[in-house]
Protein chains: 2
Amino acid sequence: MTLSEQMTQLGKQAKAASRQLARLSTSQKNLCLTAMADALEKSGKEIQQANAQDLGLAEKASLSAAMLDRLKLDEKRISGMARGLRDVAALPDPVGRILDERVRPNGLRLQKVSTPIGVVVIIYESRPNVTADAASLCFKSGNATILRGGKEALHSNQIIARIMVDAGRKTLSQFPEHAIQLVTTTDRDAIRELLSLTQYVDLCMPRGGEGLIRAVAECSKVPVIKHYKGVCHVFVDRDADLKMATEIVLNAKLQRPAVCNAMETLLVDKSIAPQFLSMIVPTLNEKKVEFRADSESQPFLKTGKVKPAAEQDWSTEYNDYVLNVRLVGNVREAIDHINHYGSAHSDSIVTRNEDRAKQFLAEVDSATVYWNASTRFTDGGEFGMGAEIGISTDKVGARGPMGLEELTSYKWIGYGTGQIRI
Amino acid sequence: MTLSEQMTQLGKQAKAASRQLARLSTSQKNLCLTAMADALEKSGKEIQQANAQDLGLAEKASLSAAMLDRLKLDEKRISGMARGLRDVAALPDPVGRILDERVRPNGLRLQKVSTPIGVVVIIYESRPNVTADAASLCFKSGNATILRGGKEALHSNQIIARIMVDAGRKTLSQFPEHAIQLVTTTDRDAIRELLSLTQYVDLCMPRGGEGLIRAVAECSKVPVIKHYKGVCHVFVDRDADLKMATEIVLNAKLQRPAVCNAMETLLVDKSIAPQFLSMIVPTLNEKKVEFRADSESQPFLKTGKVKPAAEQDWSTEYNDYVLNVRLVGNVREAIDHINHYGSAHSDSIVTRNEDRAKQFLAEVDSATVYWNASTRFTDGGEFGMGAEIGISTDKVGARGPMGLEELTSYKWIGYGTGQIRI
């Protein structure tokens, strides 16, 4: 089979499986998920053996220690995957929710009802536990998945997918064996082939670095939901409670700098900058945060490590102990800065002034905006979605954290009594 | 300026305008729409002069009479456009609806609020009144539009857009002059250039024939919402009220055969086929409907014009007095036929059997499914949306008829009191 034929077969099988999946009841799906969780735990040894193969190859290829750590599946991580599956089983079924209902003057009753999307392709990097997470969220929402993980985790991903499918089939005779499929070829063109199959694939969600996501979006003919990067801002307004602002700013930068919802740029109203910066700089210095600062803020940062901010710094996601700092004249300038340089991910204003807060919340064109809270809350778990398959900064389809509901589409159902159009 | 620079300028201007548009209040937007309606009516002569230029060129180019008719703007059609704008002004503002609200255990209050999408590109064919319709729906939903109409309507489209923008600016000092822009070059590459501007353009909606839509979807780097064609089905189950089924089938086929929600294929349960077909064939013969029939149904159609159905007929949108007919053994076969050959647009089951109806409604994977009603209801007006910008058979973003609400995205707003992540 050519690569194109292989991918077409995966797509076709997934589409057929998605039709069968859509017929499963909530309890049937939950039964399968629980059985998959049990099977993953029982097969710990087998998983670790496959994982050892991946780790061996990765060591030979001299991958970094951080990469090896992401790749590793120990007993604790395997239980973690199983627990994740049980958590998903416990969540409400996102399919079949009535989103709208109306009766037309002719008596036709219309319902807008949530449905699975169909076939979802997930493209991700090295962490093999994503295989179980993504597959379970798609399964619960009635979607067939085609998974394409990093090639360095191939053995681990294969065994995880196989265990899940086997457990599903043992548990339920109607379990569609192609509900969860893995791309096993490491050919890079596989992604392009797969994402050209608009007749079979309904959605692609790439997870990983900006480079991966841009490459996927560039070649895809099917809709892609994604976020490229998280360049998040906190704006400290002249009417901020400065103690609150201190806590929020330090939390947004320091609590976990390597994640997408951490703050990269701090915007401070000029009139309170001297006082406010003096409150936060000692802690930031202590944590060895490097400042990239505009000329106006530099004088207030000089006890730390300061570089002048270059133009491209304002749109850089450092994922590190680096912070852009800029002084602005007012909320208008803050909003314009964020809309110009930001990544439309998560941005926060700290103020006691309701008018300015409302202006900021309305005009900052980002997936999530906060008033007097840390940007770090943009997360499916923190939003009460129970689990997260990703975060979107797109505007068509889901926006912000994506949980089970965001993995659904909808259809309109018309209940008639013989209505015809006149 | 190169074509690429021209399109980039349009995109950049539209993005800036979309930020200003998002700040307008409902009453400001309605005031502008009403002023635009008045201006269109007052400028009837000017519009007709521009339209006469288009018509003159079209005649020289020997366009068909049907094409000339679509192109023509008489006084009645101009009032129609104005009335359309007033109707849109009267509709509720789709922006600012609270779609979800939750308070997290830490006290953070989250609201999911509808927002404009941003910049919408509309690509359409010859009818110039689409310019006013599409621009007004986008304007009311807070979106900046870039319009690309058929080149044969360029003079008409230009004057309509200019009148609308001028009226907006005269009415409201904050009216963003680039809220409604028209692509004036007839270079075919303009579309490709425009739809590569992912940093400025948020959505594209092509309206027209399948060829146009496929060409747009093929080249676009921004999300495209669309439907390729309408291959709609009615399935008459063995437990149908045959009188009701007769009315629905005749309505779905005959009331307006040239539209996307008209029926192309009739599926009939074998056990009632002789009786049911004898009830509908006389009227269909009278209307000179040509049948494309499977071998089993042919004997019951022989009083009419019958051809054996070829494989590709089952997925053809005739938009004409042609009807595919196939007998099926049960609802399962009907569902499988529709999911295989259909266009996921609008499909109906006629039956008194609730179980089979529910199976059909759940498993037919189409944007709109009906029980005991004609497929012809799939339409923004019929759905009570007030106006329609198109119909989508996609699964990401809007599905089914698209009105004002379907021209919105959403954002999450977090109202805190100093919450930080622990």
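This is a predicted model: local features need pLDDT of at least 70, side-chain atom pairs count only at pLDDT 80 or more; totals for chains, interfaces and linings use all residues.
Strand β12 (residues 346–350) of chain A is joined to β13(A) by 4 bridges, and the two strands run parallel. One pairing to look for is I349(A), whose bridge partner in β13(A) is W371(A). Strands of a sheet pair through backbone hydrogen bonds, either parallel or antiparallel.

Now stay with W371(A) and look across to the other chain. Which residue is the bridge partner of W371(A) in β16(B)? The partner is Y415(B). Here 5 bridges join β13(A) to strand β16 (residues 408–419) of chain B, and these strands, too, run parallel.

With those pairings in mind, you can trace the whole sheet. There are 10 strands, and they form an open sheet with mixed pairing. Follow them in the order β10(A)-β9(A)-β11(A)-β8(A)-β7(A)-β12(A)-β13(A)-β16(B)-β2(B)-β1(B). β10 (305–308) of chain A and β1 (98–103) of chain B stand at the edges; each has a single partner strand, so one side of each is left without a neighbour in the sheet. From one strand to the next, the twist averages 20°. A helix also belongs in this picture: α12 (residues 331–341) of chain A lies across β7, β8, β11 and β12 of chain A, and runs at about 140° to β11(A).

Next, let's see how the two chains are related. Two copies of a chain are related by a rotation about an axis and a shift along it. In this model, a rotation of 180° with 0.0 Å of shift along its axis superposes chain A on chain B, with an RMSD of 0.1 Å. That is the relation of a two-fold axis. To find the axis from chain A, look for G397(A): its C-alpha is the nearest to the axis in that chain, 2.1 Å away. The same surface serves both copies, as 100% of the contact residues of chain A recur in chain B.

How many residues of chain A are in contact with chain B? There are 52, and they meet 52 residues of chain B. On the chain A side, the elements that give two or more residues are α10 (242–254), α13 (354–363), β13 (368–373) and β16 (408–419). The largest share, 11 residues, comes from β16(A). By type, this side of chain A divides into 22 nonpolar, 17 polar and 13 charged residues.

Step back to chain A by itself. Chain A is divided into domain 1 (3–226 + 402–414) and domain 2 (232–377). The C-alpha centres of these two domains lie 36 Å apart.

Finally, turn to some helices of chain A. Two packed helices are described by the angle between their axes and the distance between the axes. Helices α2 (residues 26–42) and α5 (residues 75–90) of chain A pack at an angle of about 170°, with their axes 8 Å apart. α2(A) and α5(A) are therefore roughly antiparallel to each other. Their contact includes L33(A) and A37(A) of α2(A), along with I78(A) and L85(A) of α5(A). The residues of this contact divide into 10 nonpolar, 3 polar and 2 charged.

α5(A) has another helix to meet: the axes of α5(A) and α6 (residues 129–140) of chain A come within 10 Å and cross at roughly 10°. That makes α5(A) roughly parallel to α6(A). Among the residues that meet here are G80(A) and G84(A) in α5(A), and A132(A) and S136(A) in α6(A). This contact divides into 5 nonpolar, 4 polar and 3 charged residues.

Conventions. Residues are numbered from 1 along each chain as its sequence is written. Chains are lettered from A and ligands numbered from 1 in the order in which they are written. Copies are superposed by least squares on the C-alpha atoms of residues with pLDDT of at least 70 in both. Two residues are in contact if their C-beta atoms, placed from the backbone, lie within 7 Å. Ala, Val, Leu, Ile, Met, Phe, Trp, Tyr, Cys and Pro count as nonpolar, Asp, Glu, Lys and Arg as charged, and the others, Gly among them, as polar. Two strands pair if DSSP finds at least two bridges between them. Axes are lines fitted to C-alpha atoms, for helices over the stretch in contact, and angles run from 0 to 180 degrees between N-to-C directions. Angles under 35 degrees count as roughly parallel, over 145 as roughly antiparallel, 65 to 115 as roughly perpendicular and the rest as oblique. Domain bounds come from an automatic or database domain assignment.
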